[in-house]
Amino acid sequence: MTKEIGITVKKSNDFSDWYTQCVLKSSIADYSPSKGFIILRPYGYAIWEIIRELLDDELRKTGHKNGFLPVLIPESLLTKEKDHFDGFMPEVFWVTKSGDSDLGEKLAVRPTSETIAYSMFSKWISSYRDLPLKMNFWNSALRAEIKSTKPLIRNSEFLWQEGHTAHKDENEADQEVRVILDIYKNLIEQFLALPTLSGFKTEKEKFVGAKYTTCLESLMADGKALQMATSHHLGQNFSKPFEIKFLNKDTVEQFVWQTSWGISWRVIGAIIMVHGDDKGLILPPKISPTQVIIVPIYKDDSKAVVKQKAYELEQILKDSKIRAQTDDRDEYTSGWKFNDWEMKGVPLRVNVGLRDIKENKVELIRRDTKERFYVTEKELVNQTLSTLEKIQSNMFDRAKIHLQENTRSATTLEELLSLLDTSGGFVACSWCGKRECEDLVKEKTTADIRIVPFNPKNNISSCIGCGKQETIEVYFGRAY
RNA sequence: GGGGUUGUCGUCUAGCUUGGUAUGAUGCCAGCCUCGGGCGCUGGAGGUCGUCGGUUCAAAUCCGACCAGCCCCA
């Protein structure tokens with residue numbers, strides 16, 4: 001038994017250290033030389049590529065087209081919408097020089113691209129025939145995160161997609177916001193196996209410059225909430241300062257109604273935090289770059305025949321569109337490989353040795369339940385497919401139970417605080433809608449209103465802050 | 001925004017209090033041994049001790065600044 005390799009802390013003992021070790025040791029990402037930035041390594045990028053392709057498909061199907069925007073935004077554009085600028089100002093990186101000479105106008109490194117995109121929209125849109133305009137951009141955004149960084153969860157630069165649309169009326173923009181949120185929800189729940197709560201952000205928490213924000217929230221294993229994706233209705237807040245106008249069928253000039261929305265590589269962090277265990281990651285089969293890892297177990301004299309069998313099995317699985325891989329490295333023992341792939345979170349492993357070949361069978365080992373069983377070579381494909389499905393749904397179910405068990409309700413501030421302190425999670429409370437009450441709770445408990453649910457359960461009482469009777473249901477939580 | 005803490009071969013680490021030759025493991029390379037849960041043996045390479053400056057005959061060690069990581073609180 002060698003020490004100091006693998007994950008050295010338990011998930012339940014030191015969640016933060018456990019998470020960082022998972023990210024680093026599974027080769028997902030590494031720290032960069034400059035503060036707050038990380039480097040996504042091939043294993044992490046492979047996961048991102050799968051997520052990106054899945055989402056890109058859905059966006060194309062719903063009529064969105066990809067484009068590319070410059071990373072630098074002139075100061076004059078960024079400042080055009082005041083709330084938007086005030087909100088992002090503290091974390092904007094600025095470019096002020098080219099070589100030795102000062103630039104005439106400061107350039108902001110994009111914290112998000114609404115302003116530059118909409119400066120172009122105003123050129124491209126002039127008729128109702130130009131609408132709706134639905135664009136998407138796969139890029140990175142930069143926001144100076146000096147304190148409290150965490151790989152993939154909070155960094156100064158992150159990969160994401162940002163969608164930007166323009167519509168003829170408010171209703172169409174409303175629908176777009178919900179279409180996108182549904183696409184996100186489906187991706188996150190059905191593919192990443194992460195259950196979410198969906199709803200609105202409060203005025204305080206909404207995107208700066210938006211009319212309203214919808215979002216998806218998930219619960220991490222340590223009881224903290226994590227915002228997974230957001231979809232904003234921008235109203236005409238940007239179309240007016242950016243003068244994005246069109247002539248409608250009645251030849252009346254109107255401002256467009258807009259939406260913007262995004263999801264980032266943060267979801268990879270969520271997958272790790274929610275699904276992982278003391279041995280490392282557990283990746284949902286649908287987004288795992290390797291779904292089945294085949295480990296040949298051989299001695300010198302059986303090496304050739306066992307490896308040959310492993311390659312055959314790999315090909316059989318690949319022929320059925322299963323992402324299979326053989327670990328044929330001679331320099332590691334099979335035991336080492338077992339641990340390595342478990343740390344990387346590959347959902348299903350196939351063990352094959354001389355013994356198995358003689359008996360015409362192989363051993364399958366599930367990463368999520370550690371369950372192991374033998375199948376004949378003939379059954380391999382079907383068993384693999386059905387087991388991958390079982391793993392996928394089991395992972396979602398487990399996470400769903402965790403979410404349900406950690407979603408409680410409280411009627412008083414004391415009760416809320418005690419729930420947050422003992423178990424974290426989401427706490428449903430009644431709220432009068434006033435900012436002062438929201439701030440009061442934040443001050444007393446450090447929790448935010450994570451979400452104003454689309455589907456409240458209607459267990460309404462008096463406001464958690466001021467005791468007023470007319471209230472709505474909201475979910476509080478401490479968040480990353 | 002406030003406070004705390006850490007930085008030594010690729011990785012983890014001893015040494016720092018009390019200044020004087022850099023410790024061990026793992027990984028890497030070569031060779032042997034074989035592999036059903038992080039095998040074993042032999043030999044070898046690998047270090048501007050985070051960076052810059054100061055004190056000193058002498059600094060990983062003492063002092064200062066900076067850089068980077070982590071934690072706690074707002």
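## Domains

The C-alpha centres of domain 2 and domain 3 sit 49 Å apart. Keep in mind that this is a predicted model. Chain A is split into domain 1 (15-275), domain 2 (285-390) and domain 3 (407-477).

## Nonpolar cores

Let's look inside. In soluble globular proteins, nonpolar side chains tend to be buried together. Here the largest nonpolar core has 59 residues. Ile-28, Ile-51, Leu-152 and Ile-272 are the ones with the most contacts inside this core. Domain 1 (15-275) and domain 2 (285-390) each supply at least three of its residues. There's also another core lying apart from it, made of 26 residues, including Ile-73, Ala-117, Phe-121 and Met-135.

What does Ile-28 touch, leaving out residues up to four places away in sequence? Among its contacts are Ile-39, Leu-40, Tyr-43 and Ile-47. Leu-152 and Ile-272 are on the list too, and both of them are also named with Ile-28 as residues with the most contacts inside the core. Val-23, Arg-41, Gly-44 and Leu-281 are touched by Ile-28 as well.

## The start of the chain

Helix H1 covers residues 15-25. Its buried residues are Phe-15, Trp-18, Tyr-19, Thr-20, Gln-21, Cys-22 and Val-23. What do these buried residues pack against? Their partners are strand S1 (29-31) and helix H7 (266-275). After H1 comes Ser-27, which has a positive phi, near 65°.

Now for a sheet. Strands of a sheet pair through backbone hydrogen bonds, either parallel or antiparallel. In this model, five strands make an open sheet, ordered S16-S15-S17-S18-S19, and the pairing is mixed. Strand S16 (324-326) and strand S19 (372-376) are at the edges, and each has a single partner strand, so one side of each has no neighbour in the sheet. From one strand to the next, the twist averages 25°.

Zoom in on one pair: strand S18 (residues 361-366) and S19 run antiparallel and are joined by five bridges. Lys-361, for instance, has Thr-376 in S19 as its bridge partner.

## Helices across the strands

Which strands does helix H8 (residues 303-319) lie across? They are strand S15 (292-297), S16, strand S17 (348-353) and S18. H8 runs at about 165° to S15.

Helix H11 (residues 380-405) lies across S15, S17, S18 and S19. Its direction is at about 5° to S18.

Technical notes. Residues are numbered from 1 along each chain as its sequence is written. Chains are lettered from A and ligands numbered from 1 in the order in which they are written. This is a predicted model: local features need pLDDT of at least 70, side-chain atom pairs count only at pLDDT 80 or more; totals for chains, interfaces and linings use all residues. Side-chain values use heavy atoms; hydrogens and water are left out. Domain bounds come from an automatic or database domain assignment. A nonpolar core is a set of buried Ala, Val, Leu, Ile, Met, Phe, Trp, Tyr and Cys residues joined through side-chain atoms within 4.5 Å. Buried means under 20% relative accessible area, exposed over 50%, partly exposed in between (1.4 Å probe, protein chains only). Contact means heavy atoms within 4.5 Å. Two strands pair if DSSP finds at least two bridges between them. Helices (H or I, at least four residues) and strands (E, at least two) are DSSP runs, numbered from the N terminus. Axes are lines fitted to C-alpha atoms, for helices over the stretch in contact, and angles run from 0 to 180 degrees between N-to-C directions.
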